[in-house]
Amino acid sequence: MQACHVALIGATGAVGREILQVLEEREFPLRDITLLASARSEGTRLEFRGHHRAVRLLTKEALTGVDIAIFAADVETSRDYASHAVAAGAVVIDCSGAFRHDPQVPLCVPEVNALPPHQGMVATPHSLTVQTVLALAPLHTAASLKRVVIATYQAVSGMGREAMEEFDQQLRDLLNFRAVQTGAFPHQLAFNCVPQCGDFLDNGYTSEEMALVDELRRILAVPALPITATAVRVPLMHSHGAAVCVETARPLSPDAARDILASAPGLQVEDDTKRLSYPLPVHANGQDAVFVGRIRADQSVPYGLHLWIVADNLRKGAALNVVQVAERLLAS
Ligand SMILES: NC(=O)c1ccc[n+]([C@@H]2O[C@H](COP(=O)([O-])OP(=O)(O)OC[C@H]3O[C@@H](n4cnc5c(N)ncnc54)[C@H](OP(=O)(O)O)[C@@H]3O)[C@@H](O)[C@H]2O)c1
């Protein structure tokens with residue numbers, strides 16, 4: 001692979017720091033790397049490959065001479081700067097959600113949909129979409145999905161650094177009999193569960209529930225697939241869980257599904273209830289794989305399966321997926 005110059009926008013954030021780690025671990029061929037963020041962290045030094053590098057302020061000029069610009073900041077930053085990066089000759093990989101619904105911008109999970117032709121921009125999905133689609137895609141190929149019902153158990157790091165700090169503070173306050181402050185969360189999250197991820201929409205769903213529905217349909221290329229989701233924030237720092245019920249058009253036994261999932265790329269089946277073996281967020285933390293277990297027949301429908309899917313949201317849910325897309329770009 002040809003070495004390239006990468007700009008990482010949002011380098012100081014939860015996803016940005018994980019991307020740096022994945023680039024380092026996978027020995028991504030780099031000629032140079034430029035770390036960018038807002039004025040809040042200009043000058044912050046981040047360690048990469050044994051050297052400390054200063055974070056620079058994101059400006060249009062900072063995007064010149066860049067081959068791949070990875071946007072891991074907020075939606076507004078991507079909307080304001082991604083087109084400048086493309087105009088300056090870079091390919092943008094955006095994980096902010098700004099372009100996930102744009103039909104001109106491919107939405108890519110490399111194990112599921114090969115990187116299609118693009119016009120300088122590729123988007124990566126919501127972390128829950130990544131882990132769910134990795135399991136749904138092979139089941140769809142085998143038995144054709146008819147309906148999908150999802151309940152998510154989403155960790156705090158899915159909301160970024162500020163929410164992680166608030167959660168940490170809430171835990172400390174509660175354990176010290178102090179009142180809990182809320183800012184990033186709508187309610188106390190420590191020792192609680194909150195059935196709201198994102199903002200409420202007119203249809204009664206939240207923005208993250210609808211993102212999951214829309215992105216799954218798009219990546220599976222089944223625009224009318226009936227999917228419904230309830231997204232819940234749980235008091236865990238890392239790794240999302242998803243309880244998924246699928247109805248299929250053709251019969252698929254749990255054993256056959258287990259075999260299919262065990263040989264699907266990016267997945268690891270952990271499903272031996274006799275040994276109390278099933279995916280756990282604490283085991284998924286820091287891991288590349290998406291873990292699937294509790295695979296069983298749904299007794300309430302003719303052809304249905306239940307699955308429990310867990311993955312580190314910062315890892316395959318965000319950073320690893322981004323770096324795999326970058327690797328595909330270089331290879332092509
Ligand atoms: N967390 C996840 O599991 C996950 C998964 C998939 C996708 N995503 C998406 O990835 C993006 C980053 O998420 P995160 O969790 O890493 O958030 P985060 O921890 O809040 O980090 C945000 C990053 O964006 C930077 N930033 C904010 N405003 C900026 C501006 N005006 N100009 C330049 N940089 C700016 C911040 O820099 P400062 O240090 O200067 O504030 C920080 O580096 C979000 O769009 C999120 O939706 C997150």
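Strands E11 (residues 240–248) and E14 (residues 304–311) run antiparallel and are joined by 8 bridges. Strands (E, at least two residues) and helices (H or I, at least four) are DSSP runs, numbered from the N terminus. Two strands count as paired if DSSP finds at least two bridges between them. Ala-242 has Ile-309 in E14 as its bridge partner.

This is a predicted model: local features need pLDDT of at least 70, side-chain atom pairs count only at pLDDT 80 or more, and totals for chains, interfaces and linings use all residues. Residues are numbered from 1 along each chain as its sequence is written, and side-chain values use heavy atoms, with hydrogens and water left out.

The open sheet holds 6 strands in the order E10-E9-E11-E14-E13-E12, with mixed pairing. Strand E10 (227–233) and strand E12 (267–269) stand at the edges with a single partner strand each, so one side of each has no neighbour in the sheet. From one strand to the next, the twist averages 20°. Axes are lines fitted to C-alpha atoms, for helices over the stretch in contact; angles between N-to-C directions run from 0 to 180 degrees. Helix H5 (residues 207–220) packs on this sheet and touches strand E9 (145–154) and E10. Its direction makes about 135° with that of E10. Contact means heavy atoms within 4.5 Å.

## The parallel sheet

A further open sheet has 6 strands in the order E5-E2-E1-E6-E7-E8, and its pairing is parallel. Its edge strands are E5 (56–57) and E8 (121–123), each pairing on one side only. Strand E6 (residues 68–71) pairs with strand E7 (residues 91–94) over 4 bridges, in the parallel sense. There, Ala-69 has Val-92 in E7 as its bridge partner.

Helix H2 (residues 75–87) packs on the sheet, touching strand E1 (4–9), E6, E7 and E8. Its direction makes about 175° with that of E6. Helix H8 (residues 315–331) lies across E1, E6, E7 and E8, and runs at about 160° to E7.

The chain is divided into domain 1 (4–125 + 318–331) and domain 2 (129–312). The bounds come from an automatic or database domain assignment. The domain centres, taken over C-alpha atoms, are 25 Å apart. Domain 1 gives 19 residues to the contact and domain 2 gives 15.

About 1,400 Å² is buried between the domains, 64% of it from carbon and sulfur atoms. Buried area is the accessible area (1.4 Å probe) that two parts lose on being put together, summed over both. Leu-107, Glu-111 and Val-112 supply 30% of the area that domain 1 buries against domain 2, more than any other three residues. Between the domains, 5 residue pairs are in polar contact, both residues at pLDDT 80 or more. A polar contact is a pair of N or O atoms within 3.5 Å; within protein, one must be able to donate a hydrogen and the other to accept it, and residues adjacent in sequence count only if both atoms are side-chain atoms.

## Salt bridges

The count comes to 13 salt bridges. The rule asks for a side-chain nitrogen of Lys or Arg within 4 Å of a carboxyl oxygen of Asp or Glu. It finds 1 salt bridge across the domain interface. Glu-215 and Arg-100 meet through their side chains in a salt bridge (3.4 Å, N to O).

Asp-32 forms a salt bridge with Arg-53, with the closest N and O atoms 3.9 Å apart. Asp-32 lies in strand E2 (residues 30–37) and Arg-53 in strand E4 (residues 51–54), so the pair ties together parts 21 residues apart in sequence.
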